[in-house]
Structures are given as structure tokens and as C-alpha cells.
Amino acid sequence: MTFNEYLQTKKIDAKRYRKAEPEQYEEFEAIFGQIHPESFTAQKLFLINGIRRRFPFKEEVKSAPKKAQAKPKIVPKPRTGTS
């Protein structure tokens with residue numbers, strides 16, 4: 001997994017991040033290349049959350065139109081002869 005792929009999984013726009021914060025990007029990329037992605041996440045979690053808020057990744061997803069869900073029919077209970 002590359003650092004750009006990792007950023008995409010964390011919903012971070014790598015291009016915008018690299019352009020705005022080149023020094024931090026290069027530093028994190030170097031660290032990421034040396035350790036496991038889960039360890040990187042554990043070490044940089046609070047920083048990653050801030051980066052995600054500043055550089056959100058906007059996915060272009062073409063979704064099918066939602067179908068209207070059928071409403072369940074209400075079946076009345078039969079009345080008993082007691083009053």
C-alpha cells in the first residue's frame with residue numbers, strides 16, 4: 001500500500017494535502033514507508049483527523065436512483081366476542 005492509497009482509505013485528498021502542506025506530507029510519507037499502516041494510524045491519529053477535516057476526499061460515486069420502499073400492510077386483528 002502506498003501513502004496515497006492510505007490517504008484515500010482515510011478519506012483525505014492527497015493532491016490538495018501535498019500542495020498545501022508539502023513538508024508534513026513528505027515527512028509522513030517517509031515515516032509511512034518504514035512502519036506498518038496500523039502503527040502509523042496509531043501514532044498520527046489526532047493529526048490524521050485534522051488533516052481529514054482540512055482536505056476531505058470527495059468521491060465521485062454514481063449511485064442508482066433509490067427505489068421507493070413498499071410500506072408494510074397493517075393487518076387488523078380479528079375481534080373476539082367478549083365485550
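Colleague: Let me start with charges. Which residue forms a salt bridge with Arg-18, and how far apart are the closest N and O atoms?

Modeller: Side chains of opposite charge can pair when their charged atoms come close. In this case Glu-26 is the partner of Arg-18, with the closest N and O atoms 3.1 Å apart. The rule for a salt bridge is a side-chain nitrogen of Lys or Arg within 4 Å of a carboxyl oxygen of Asp or Glu. Note that this is a predicted model: local features need pLDDT of at least 70, side-chain atom pairs count only at pLDDT 80 or more, and totals for chains, interfaces and linings use all residues. Residues are numbered from 1 along each chain as its sequence is written, and side-chain values use heavy atoms, with hydrogens and water left out.

Colleague: How many salt bridges does the rule give?

Modeller: Two. The side chains of Arg-54 and Glu-21 also meet in one, at 3.9 Å from N to O. Arg-54 sits in helix 4 and Glu-21 in the loop between helix 2 and helix 3, so this pair ties together parts 33 residues apart in sequence.

Colleague: How do these side chains count: buried, partly exposed or exposed?

Modeller: Arg-54 has 44%, so it counts as partly exposed. Glu-21 has 28% and is partly exposed. Glu-26 is partly exposed at 39%, and Arg-18 is partly exposed at 41%.

Colleague: Now the fold. How many helices and strands does the protein have?

Modeller: Helices and strands are DSSP runs, numbered from the N terminus: H or I of at least four residues for helices, E of at least two for strands. The protein has four helices and zero strands. Along the sequence the pattern is α-α-α-α.

Colleague: Which residues of helix 3 are buried?

Modeller: Tyr-25, Phe-28 and Phe-32. Viewed down the axis, the buried residues of helix 3 fall within an arc of 70°, so they line one face of the helix. That arc is taken over the directions from the helix axis to the C-beta atoms. On the other side, Glu-23, Gly-33 and Gln-34 are exposed. The cover over the buried residues of helix 3 includes helix 1, helix 2 and helix 4.

Colleague: What makes up the largest nonpolar core?

Modeller: In soluble globular proteins, nonpolar side chains tend to be buried together. A nonpolar core is a set of buried Ala, Val, Leu, Ile, Met, Phe, Trp, Tyr and Cys residues joined through side-chain atoms within 4.5 Å. The largest one here has 13 residues, and Phe-3, Tyr-6, Leu-7, Ile-12, Tyr-17 and Phe-40 have the most contacts inside it. Helix 1 (3-9), helix 2 (14-20), helix 3 (22-34) and helix 4 (37-54) each give two or more residues to this core.

Colleague: Take Tyr-6. What is Tyr-6 in contact with, beyond its neighbours within four places in sequence?

Modeller: Contact means heavy atoms within 4.5 Å. Tyr-6 is in contact with Met-1, Phe-32, Pro-37, Phe-40, Thr-41 and Ile-48. Tyr-6 lies in helix 1 and counts as buried, at 3% relative accessibility.

Colleague: And Thr-41, where does it lie?

Modeller: In helix 4. Thr-41 is buried, at 16% relative accessibility. Residues up to four places away aside, Thr-41 touches Tyr-6, Lys-10 and Ile-48. Tyr-6 and Thr-41 are 35 residues apart in sequence, with 9.7 Å from C-alpha to C-alpha.

Colleague: Last, the totals. What share of the 83 residues is buried?

Modeller: 19%. Among contacts between residues at least 6 apart in sequence, 62% join residues at least 24 apart.

Notes: Buried < 20%, exposed > 50% of the residue type's maximum accessible area, 1.4 Å probe, protein only.
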